[in-house]
Amino acid sequence: MACRIRGGPRVTPAETLSKSQQAYHWIKTRIANQEFTPGYRLVLGTIAGELDMSVVPVREAVRQLEAEGLVTFERNVGARVSMVDDSQYRFSMQALSILEGTATALAARRLTADDLRRARSINELMTERLSDFDPRAFTGLNQEFHAILFGKCANPRLLELVNAEWARLGNLRDSTFSFVPGRAAESVREHENIVRLIEIGAPLGEIEKSARRHRSATLDAYLIHEHPDEALGLPAF
């Protein structure tokens, strides 16, 4: 909202801020509104272009946000939005590992050869993307892959719970792979193993365990990266 200084021209708040302060508030507002979710990579040149300023004030703004804990900076990775409070993420991943593992096992006998071909095709595309890695795009493909495997679960309540946790995760962070990109290659190998187990008609308990451990391994990779001194997400039962 504009304000008038007595005896002077109308001045907007933005005009009273330095460029670094403008960049700071611009970025912080988008973090608060979850436009920039945890794990989102802050490309300084792109932000500078959006704000029509040089990279220098944007870099100063990012340093201020880093001091406040809203942004973290890693060598060879750059600046990204922090997982400020990751307890809800942990709870959702723990719940999803159990729910999705069960849903995948219950859907296994209902999947057709065409379903498995589609799942494998998506996984092959994920493998191709490893060389030019985009965490957000990779996560989208990951969701498509798993939706095929658990989508034919005959228990509608269980499906509702799985989908609810996926939606909750989407609100909590941009992509786990933004934090642990090295996990992506392991993930696609585990995908192939789950598809193979379903394909050969493995016992449902074995399929459930493989799907559950696949999900909990992603949480463990995140915890090892962000909280190396703490216990992992789930026991390997």
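This is a predicted model: local features need pLDDT of at least 70, side-chain atom pairs count only at pLDDT 80 or more; totals for chains, interfaces and linings use all residues.
I began with the lining of the largest pocket and sorted it by class: seven nonpolar, three polar and five charged residues. (Ala, Val, Leu, Ile, Met, Phe, Trp, Tyr, Cys and Pro count as nonpolar, Asp, Glu, Lys and Arg as charged, and the others, Gly among them, as polar.)

Numbering runs from 1 along each chain as its sequence is written, and side-chain values use heavy atoms, with hydrogens and water left out.

Next I looked up the pocket volume, about 370 Å³. Of its 15 lining residues, Gly39, Arg41, Asp134, Pro135 and Ser178 are the closest to the centre. (On a 1 Å grid over the protein atoms alone, a pocket is an open set of points with protein on both sides within 12 Å along at least five of seven lines, a cavity is a set where a 1.4 Å probe fits but cannot get out, and lining residues have an atom within 4 Å of a point. Points are joined across faces, edges and corners, and a volume is the space filled by probe spheres set on them.) Helices H6 (135-150) and H8 (176-179) each give the pocket lining at least two residues; helices are DSSP runs of H or I, at least four residues, numbered from the N terminus.

Then I checked cavities of 30 Å³ or more and found one. The largest cavity has a volume of about 80 Å³, and its lining includes Asn142 and Phe177.

Finally, I turned to Ser187 in helix H9 (183-199). Ser187 touches Asn142, Phe177 and His214, leaving aside residues up to four places away in sequence (contact means heavy atoms within 4.5 Å).
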